[in-house]
Amino acid sequence: MSTAEVTQERVASRARVREKAGRRPGRGGQILVWVGVLLTIVFCLFPFYWIINTSLKTGSELSTGHVFPHHPSVDNYTSIFKNADFTTALKTSAIVAGSSTIIALTIGSFAAYALARLRFKFKFLILAIILSTTTFPPIAIAAPLFKLWTDIGFYNTYQGLILPFLTFVLPLTIYILTSFFQEIPKDLEEAALVDGATRFQAFRKIVIPLAAPGMVTAGLLAFIFAWNEFLLSITLTSSAHRRPVSAAIAFFTGSQQFQIPLGTIAAATVTITVPLIVLVIIFQKRIVAGLTAGAVKG
């Protein structure tokens, strides 16, 4: 390339830079953008703040609309942890949600690996059918499951909750992990096979560690669904010792008949939401990596 051509290229490059700079919003536009961002944040976080605000109120102050509690108190939190039904429900939710997540990741990783690596007909159709099961609303299977579980003895049991939850979390897990496994180079597995590893060893020692962001993303989404599920939880249980915490809150009673215990309900809601927030904060980097896997190729 001659000197004249290099000079022309530099001039054209500078012109493009100036053109892009001229398209940037002015100071007034930047202020509007930040105002919009701030309003969006307030809009999203205000409901959660209001729940915290309500959980710190007691007595007659619960019926007021004060943005800040005049006499904040943790009595509502003390009350729910003294309630044996609530603490039992927390244990039940941890067992059911944890078991559902572990089973979904175990089965889903094998199924996703097969869909990502094996060649067979109608692969896309099978994946579409698997994913389509998540579109069914839980209310569509609640009544049939109630009858079936009552007949076979699964009603009001741990397995009676874990199996229906898997109906919804397993397809989503398979879909997420399939997309992630497809982005892992096959050369790494082939190198392990050449070195003497079995197919399962290559899967366990090579693929699974590389797929950690996708595993965390799928596992967290599965755990959140199982932790928050209400309809199936309240339909398939009848006693406090098997009722998950999302359903147990609905059975809170006030000190008087027909009284709605807003304070304790709000405190319980905050309590069961905090673990999810902590998990998202701890694994946020892996979640972002898992959700964006496959978005850019090459």
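1. Glu183 has a relative accessibility of 36% and therefore counts as partly exposed; buried would require under 20%, and exposed over 50%. This residue is found in the loop between H7 and helix H8 (186-194). Although 67 residues separate Glu183 from Ala116 in sequence, their C-alpha atoms are 9.1 Å apart in space. The model is a predicted one, and the values in this note should be read accordingly.

2. Ser239 also belongs to a loop, the one between helix H11 (231-235) and helix H12 (245-248). Its relative accessibility is 16%, so Ser239 counts as buried. The side chain of Ser239 makes a polar contact, at 2.9 Å, with the side chain of His241.

3. The largest nonpolar core comprises 36 residues, and Phe86, Trp227, Val245 and Ile272 have the most contacts inside it. At least two residues of this core come from each of helix H3 (75-82), helix H4 (84-117), helix H6 (138-152), helix H7 (158-181), helix H10 (212-228), H12 and helix H13 (262-282). H7 gives the most, with 8 residues.

4. Which residues does Val245 touch, not counting residues up to four places away in sequence? They are Phe86, Ala89, Leu90, Ser93, Trp227 and Ile272.

5. The structure holds 15 aromatic pairs. One of them joins Phe46 and Tyr49 in a tilted arrangement, with 6.1 Å between the centres and 45° between the planes. Both residues lie in helix H2 (residues 27-55), 3 residues apart, which is about one turn of the helix. Phe46 is partly exposed because its relative accessible area is 41%, and Tyr49 is likewise partly exposed, at 27%.

6. Ring pairs also link Phe110, Tyr113, Phe181, Phe200 and Phe203 into a cluster.

7. Two contacts between a charge and a ring deserve mention. The charged end of Arg243 sits over the ring of Phe251, 3.8 Å from its centre. Lys123 lies over the face of Phe120, at 5.8 Å from the ring centre.

Definitions and conventions: Residues are numbered from 1 along each chain as its sequence is written. This is a predicted model: local features need pLDDT of at least 70, side-chain atom pairs count only at pLDDT 80 or more; totals for chains, interfaces and linings use all residues. Side-chain values use heavy atoms; hydrogens and water are left out. Helices (H or I, at least four residues) and strands (E, at least two) are DSSP runs, numbered from the N terminus. Buried means under 20% relative accessible area, exposed over 50%, partly exposed in between (1.4 Å probe, protein chains only). A polar contact is a pair of N or O atoms within 3.5 Å; within protein, one must be able to donate a hydrogen and the other to accept it, and residues adjacent in sequence count only if both atoms are side-chain atoms. A nonpolar core is a set of buried Ala, Val, Leu, Ile, Met, Phe, Trp, Tyr and Cys residues joined through side-chain atoms within 4.5 Å. Contact means heavy atoms within 4.5 Å. Rings of Phe, Tyr and Trp (its six-membered ring) pair if their centres lie within 6.5 Å; planes under 30 degrees apart count as stacked, over 60 as edge-to-face and the rest as tilted. A charge sits over a ring if NZ of Lys or CZ of Arg is within 6 Å of the ring centre and within 35 degrees of the ring normal.
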